[in-house]
Amino acid sequence: MGFPGTWMTESESVVYRVVPKCACSTIGQIMFYSDHGEFFDGDIHDSKSGMHKWAQDASQPLITNNVENHNSFAFTCVRNPYTRILSSFFDKICGIQRNGRRYRGNLVPLLMQKYGIEVGGDDGKQEFDQIASFRRFLLFARDTIRWRRPMDPDIHWSAQSGHVSTFIVNGGTYDKIIWTEQFNDGMQSVLDAIDTPHPVNLGDIPRFNESEGHGPKRAHPVEDYFDDLSMHLVREIFKRDFELFKYDFDNPANKMPTGEIDLAEVHAKLGD
């Protein structure tokens with residue numbers, strides 16, 4: 001299986017396992033800048049050179065050799081499951097993507113028909129019941145993950161622990177897992193542990209939120225989207241994420257982690 005979703009700087013200063021909707025655009029640009037002294041012109045997910053990615057065939061042997069021999073500092077970044085799946089809903093379901101179309105073609109019409117989900121107009125200005133539609137989306141997300149219908153689970157709302165685990169199962173070892181909610185502190189600890197061709201000052205780095213503006217703005221506090229049923233669905237889907245990455249399941253309003261991540265526990269439980 002190799003190391004899907006893994007990026008590595010050309011200098012091999014650092015290895016990063018991408019977890020979608022967890023600051024991956026900003027992290028990728030920091031990695032690119034650390035090698036080249038400039039940012040990639042565009043969405044870093046679209047880059048075809050300047051950084052090794054598992055999706056690029058020529059990069060795979062280099063990434064494999066590095067990760068299997070643990071030649072470089074390896075890390076990933078995680079996010080509160082409540083805010084992550086909300087972000088996925090507004091970006092991927094309600095939003096218009098970079099190509100000017102809805103995500104995955106006929107997905108949104110399918111959700112409207114089968115789950116009664118509303119998404120507003122293509123201009124993102126038409127009002128709709130965000131809370132009711134999001135809760136219906138959770139039913140769909142649960143169906144894709146539990147029964148793989150009406151489609152396989154999507155990387156943007158499948159559990160973070162699943163993404164993190166592929167790196168471990170195939171022979172990788174993490175040196176650090178950082179939180180999106182404490183991004184600067186976490187990313188600084190990564191930069192402090194590595195040597196880069198170009199120095200990086202996090203205070204000067206913009207946030208590259210490539211999904212911003214795709215969809216309507218969230219109209220309510222996070223906790224308003226989650227009633228008892230939706231919290232049950234979130235626990236069913238993301239139980240391991242809450243436990244391993246130390247997030248508060250009982251209070252959707254608390255996006256901050258509640259304890260330190262135990263890397264030994266993560267490797268033991270996700271390495272099966």
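Q: What percentage of the 272 residues of the protein count as buried?

A: A residue is buried under 20% relative accessible area, exposed over 50% and partly exposed in between, with a 1.4 Å probe and protein chains only. In this protein, 53% of the 272 residues count as buried. The model is predicted: local features need pLDDT of at least 70, side-chain atom pairs count only at pLDDT 80 or more, and totals for chains, interfaces and linings use all residues. Residues are numbered from 1 along each chain as its sequence is written, and side-chain values use heavy atoms, without hydrogens and water.

Q: How many helices and strands does the protein have?

A: Helices (H or I, at least four residues) and strands (E, at least two) are DSSP runs, numbered from the N terminus. The protein has nine helices and five strands. Their order from the N terminus is β-β-α-β-α-β-α-α-α-α-β-α-α-α.

Q: Why is the protein said to be as compact as a globular protein of its length?

A: The radius of gyration is taken over C-alpha atoms, and the globule rule is 2.2 Å times the number of residues to the power 0.38. For 272 residues the rule gives 19 Å, and the protein has a radius of gyration of 19 Å, so it is as compact as a globular protein of that length. Along the principal axes, the C-alpha atoms fill a box of roughly 50 × 40 × 35 Å.

Q: Which residues of α6 are buried?

A: The buried residues are Gln160, Ser161, His163, Val164, Ser165, Thr166, Phe167 and Ile168. Because eight of the 10 residues of helix α6 (residues 160-169) are buried, the helix is largely enclosed by the rest of the structure. Just after α6, Gly171 has a positive phi of about 110°.
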